[in-house]
Amino acid sequence: MLLAAASGLAIGSADLTTAGVVGAVAVFTAVAASTVALPLPLHAFVGNRMLGPLGRAKDWLKANNAVVMAWVLMVIGVALSANGVGGL
C-alpha cells in the first residue's frame, strides 16, 4: 500500500503531460497486476503443465522468504530514498 502511495505521489508530482500521466499509470498498473494476473491465463492456455513450475516457484519462495523480503525491502528503500533526495 505504501509503495502504491509513493508511486502515485511520484507520478503526481512529476511534470508530465496528461498523456504522460496516463502512460505512467498504465505501466504501473500493468506491472503491479502482472504478478497476480499472469498465472491465471498461463494456466488457462498451458493447462496442468503450469502447475509444476508454479509449485517449484512457490516452494523456492517459501524456502527463501527472508532473503527475498530483505532484497525487496532494500530495493524499495533505496528507490524511495533516492527519490526523496532527488526532490531536495
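**Residues, patch and pocket**

Author: Val22 has its place in helix H2, where helices are DSSP runs of H or I with at least four residues, numbered from the N terminus. This is a predicted model, in which local features need pLDDT of at least 70 and side-chain atom pairs count only at pLDDT 80 or more, while totals for chains, interfaces and linings use all residues. Residues are numbered from 1 along each chain as its sequence is written, and side-chain values use heavy atoms, with hydrogens and water left out.

Reader: Is Val22 buried or exposed?

Author: Val22 is exposed, because its relative accessible area is 54% (buried is under 20%, exposed over 50%, partly exposed in between, with a 1.4 Å probe and protein chains only).

Reader: And what separates the C-alpha atoms of Val22 and Ala57?

Author: Those of Val22 and Ala57 are separated by 33 Å, with the two residues 35 apart along the chain.

Reader: Where is Gly12, and is Gly12 buried or exposed?

Author: Gly12 is found in helix H1, and it counts as exposed because its relative accessibility is 62%. The C-alpha atoms of Gly12 and Ala24 are separated by 9.9 Å, and these residues lie twelve apart along the chain.

Reader: Switching to the surface, which residues form the nonpolar patch?

Author: The patch is formed by Val67, Trp71, Met74, Val75 and Val78, which together have about 510 Å² of accessible area. Trp71 belongs to helix H5, residues 65-86, and is exposed, with a relative accessible area of 54%.

Reader: Which residues line the largest pocket?

Author: Leu3, Ala4, Phe28, Val31 and Ala32 line it (a pocket is an open set of points on a 1 Å grid where a 1.4 Å probe fits, with protein on both sides within 12 Å along at least five of seven lines, and lining residues have an atom within 4 Å of a point). Helix H1 (2-13) and helix H2 (18-37) are the elements that give two or more residues to this lining, and H2 gives the most, with three.

Terms used:
Patch = residues over 30% accessible without salt bridge, like charges linked within 9 Å, V, L, I, M, F, W, Y side chains within 5 Å. Areas by Shrake-Rupley, 256 points an atom, 1.4 Å probe, with all protein chains shown as cover. Salt bridge = Lys/Arg side-chain N within 4 Å of Asp/Glu carboxyl O.
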